[in-house]
Amino acid sequence: MEAVNPRKPTGPKAMNLSIHVVTWNVASAAPPLDLNDLLQLNNQNLNLDIYVIGLQEMNAGIISRLADTAFEDPWSSFFMDVLSPLSFIKGNKGGVNICLKLYGYYVSIINCHLPPHMSNNDQRLEHFDRILEMQNFEGLDIPNILDHDLILWIGDMNFRIEDFGLHFVRESIKNRYYSDLWEKDQLSIARRHDPLLREFQEGPLLFPPTYKFDKNSNDYDTSEKKRKPAWTDRILWRLKRQPQASSHTPSLLAPLFSLSLKSYVSHMMYSISDHKPVTGTFVLELKPLVSAPLITLIPEDLWTMENNMLISYSSAPDFLSSPWDWIGLYKVGLRHINDYVSYVWVGDNQVSSSDSLNQVYIDISNIPETEDQFLLCYYSNNLHSVVGISRPFQIPPCSFLREDPLGEAQPQI
């Protein structure tokens, strides 16, 4: 028998995920026609796994809010049109937080818009701390945000350049002498002195300040106010401290979770706003803590009933099901969890069950013959999220769906 090497790593192999992060204060403008450069869709050498898009100053007037209750806002609609073929999923001053559980690791994404003006630096720092204090998920088994493995913090942070006058700042930008301006950048100063901000990292500011421009131009503010340029639009990140390796816990066995920045740039070609968008492209290297999904969905290749599709699924040993769990059938490119073309309550419609496999039928009789691809999603009511997604598949020609004869309430999120 081969001797076991205690220093040899075991379990799932390490994997890399590419993450593209966008922050842009769009100043109430409508989306431009082409965002390929912003989303790096023309970069054939870049295979992106996750998009993180944070917008600020989307039109938030009363008319816009009323319209958004009936229609999606134009920015969300635009991004979903562009990214839905890539399996896109959607999630005023202040901060918004989204928490993901990624292969067993907790990832928080914060999009913020902090108070403006040179004199409000203390207020910006106060808001920074307050957002971290308030962004907790009560009632759910999610640790405090500062205990998350990764925090991505993006947005219009509104930090300015102190002391230097307008002429000096503009001449420095013109000659690309950014290093002098870094020393007086309020966020850079705060990161050197504030204990909490010191834990956040940022890439080098090798691009021109992103604010304030005349709209539809690349000229800095020519109005009477002549606002001083500043790097208001930023992307920060914070990794949870890893336990120190020791003789009892060799470094090779320590959890692998690291983030490396590959690109941090602004995009001068977009001029619809007085801000330029900023993007950061990262590689997240991790060793999965979870090797299998909570639910594994298997659409059967053959249908035993003319108007129903048999679905088999298995669950992880620690998965706690609910009577309100359901499985939805979707076209590939879904925009929202409610965009199912058919659904089934798994508790009420189970046809067989065992320790390893469960089976239910889902009605497909209303689906016309199509070459579209479909997938199945299992929604957990206890976890308030999708916990299992099948591989894409096609539905062979068959009869079409009839309306629900029981008139059951459809699941809504």
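Trp326 sits across from Tyr379 of β15, in a model that is predicted, so to speak, residue by residue, with pLDDT giving the predictor's confidence in each residue from 0 to 100. Strand β11 (residues 326-331) pairs with β15 in the antiparallel sense, over 6 bridges; here two strands count as paired if DSSP finds at least two bridges between them. Both belong to an open sheet of 4 strands, ordered β12-β11-β15-β16, with antiparallel pairing. At its edges are β12 (342-345) and β16 (385-389), each pairing on one side only. From one strand to the next the twist averages 30 degrees, taken between axes that are lines fitted to C-alpha atoms, with angles running from 0 to 180 degrees between N-to-C directions.

Residues are numbered from 1 along each chain as its sequence is written, and side-chain values use heavy atoms, leaving out hydrogens and water. Since this is a predicted model, local features need pLDDT of at least 70 and side-chain atom pairs count only at pLDDT 80 or more, while totals for chains, interfaces and linings use all residues.

Taken as a whole, the chain has 7 helices and 16 strands; these are DSSP runs numbered from the N terminus, helices being H or I with at least four residues and strands E with at least two. Of its 413 residues, 42% are buried, meaning under 20% relative accessible area, against over 50% for exposed and in between for partly exposed (1.4 Å probe, protein chains only). Mean pLDDT is 83, and 80% of the residues reach 70 or more.

Gln373 lies between β14 (358-363) and β15 (374-380) and is partly exposed, with a relative accessible area of 40%. Gly333 is 40 residues away from Gln373 in sequence, yet their C-alpha atoms are 9.1 Å apart. Beyond its neighbours within four places in sequence, Gln373 has contacts that include Tyr330, Lys331, Pro392 and Phe393.

β14 itself is part of another open sheet of 4 strands, in the order β9-β10-β14-β13 and with antiparallel pairing. Its edges are β9 (295-299) and β13 (350-353); each has a single partner strand, so one side of each is left without a neighbour in the sheet. Strand β10 (residues 308-315) pairs with β14 over 6 bridges, again antiparallel, and Met309 stands opposite Ile362 in β14.

Leu284 touches Met15, Leu17 and Phe257, among others. β5 and β6 run antiparallel, joined by 7 bridges, with Ile154 opposite Ile235. β6 is mostly covered, as 6 of its 7 residues are buried.

Note on methods:
Contact means heavy atoms within 4.5 Å.
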